[in-house]
Amino acid sequence: MEKTVSSSNAPLKLNMKRTMLIGFAFFGILLLWQVYDSWCPTFLSEMFAKTFYPEFAELRQTNTLEAISQCNDIIEKVQYPVGIMMALDNLAALILLPIFGNLSDKTHTKIGKRMPYILVGTFVCSVAFPFIPIFFHYNNLVGLIVMMAIVVFFAMMYRNPAVALMPDITPKPLRSKANGIINIMGYIGGAFATVVGIGFVLSEYLGTNLDKESGLYAARTWAYHNIWAIEAPFLIASVLMLVSAI
């Protein structure tokens, strides 16, 4: 009896290794959304501008102040549909997060109730994610939107189960500390995506990086219309998501 009492009164200790492993799910989530939110609005802006204003593509090739101004005006005009498209992931979250959270509560498998959703969602997102810039590069608006929808759907599939995984296996008094560690892991993922974005600049791919002195498009670099300049961030994010899941 004495041993039972003393062990029950022993201070709880957070399993740091296990908590950090769970945190890799948040690492993948914030990494994906940082890349998605940084690049996809511009992809949509360019695609909608080309679709609704046929003269846009030719204006993009013209290095005059008037042409640059007209391009900027057209980009401004398409921001409304772009905003709607980018807001749909929030609407999807309102609908899908509770559904997948509830489904995972009722799921029972050999690898637990959360892991099937985390593994399937991560795998499909990792496969679909690099196709977003590919469809953009080849001016396929429908393909671009379909790939974005697939990524959003399967990201929602694993987001709630990933959030619920920590409370499932962490004693209640330690959850605040564990939550702090997991958030740090997530922000590292977001910061990593930012660093990748510094190395692969979208404006250089588009040829819209401006020279500060003249106000005209600057000299075009290796990245101009080079698919790898926009594919690399998505590919890196996909590989790291797979690694985080493993």
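Trainee: Which residues lie nearest the centre of the largest pocket?
Mentor: Leu21, Phe24, Ala25, Ser244 and Ala245 lie nearest the centre, and they belong to a lining of 16 residues. Please keep in mind that this is a predicted model.

Trainee: What volume does the largest pocket have?
Mentor: The volume of the largest pocket is about 230 Å³.

Trainee: And which elements each supply at least two residues of that lining?
Mentor: There are four entries to remember: α2 (16-52), α6 (115-128), α8 (141-169) and α11 (227-245). The largest share is that of α2, which gives 6 residues to the lining of the largest pocket.

Trainee: How does the lining of the largest pocket divide by class?
Mentor: It has 13 nonpolar residues and 3 polar ones, and there are no charged residues in it.

Trainee: Let us move on. What is the volume of the second largest pocket?
Mentor: The second largest pocket has about 180 Å³.

Trainee: Which residues line the second largest pocket?
Mentor: The lining consists of Glu46, Lys50, Ala57, Arg60, Gln61, Phe136, His137, Asn139, Tyr205, Leu206 and His225. Two or more of the lining residues come from each of α2, α3 (56-61), α7 (131-137) and α10 (202-206).

Trainee: How many charged residues are in the lining of the second largest pocket?
Mentor: There are 3 charged residues, together with 4 nonpolar and 4 polar ones. In the largest pocket, by contrast, the lining has no charged residues.

Trainee: A new topic, then. How many helices and strands does the protein chain have?
Mentor: The secondary structure comprises 11 helices and 0 strands. Written along the sequence, the pattern is α-α-α-α-α-α-α-α-α-α-α.

Trainee: What radius of gyration does the protein chain have?
Mentor: The protein chain has 22 Å, whereas a compact globule of 246 residues would have a value near 18 Å. The C-alpha trace spans about 85 × 35 × 25 Å along its principal axes.

Trainee: What share of the residues in the protein chain is buried?
Mentor: Of the 246 residues, 43% are buried. Buried here means under 20% relative accessible area.

Trainee: One last point: what share of the contacts with a separation of 6 or more is between residues 24 or more positions apart?
Mentor: Such residues account for 76% of those contacts in the protein chain.

Technical notes: Residues are numbered from 1 along each chain as its sequence is written. This is a predicted model: local features need pLDDT of at least 70, side-chain atom pairs count only at pLDDT 80 or more; totals for chains, interfaces and linings use all residues. Side-chain values use heavy atoms; hydrogens and water are left out. On a 1 Å grid over the protein atoms alone, a cavity is a set of points where a 1.4 Å probe fits but cannot get out, and a pocket is an open set with protein on both sides within 12 Å along at least five of seven lines; lining residues have an atom within 4 Å of a point. Grid points are joined across faces, edges and corners, and a volume is the space filled by probe spheres set on the points. Ala, Val, Leu, Ile, Met, Phe, Trp, Tyr, Cys and Pro count as nonpolar, Asp, Glu, Lys and Arg as charged, and the others, Gly among them, as polar. The radius of gyration is taken over C-alpha atoms; the globule rule is 2.2 Å times the number of residues to the power 0.38. Buried means under 20% relative accessible area, exposed over 50%, partly exposed in between (1.4 Å probe, protein chains only). Contact means heavy atoms within 4.5 Å.
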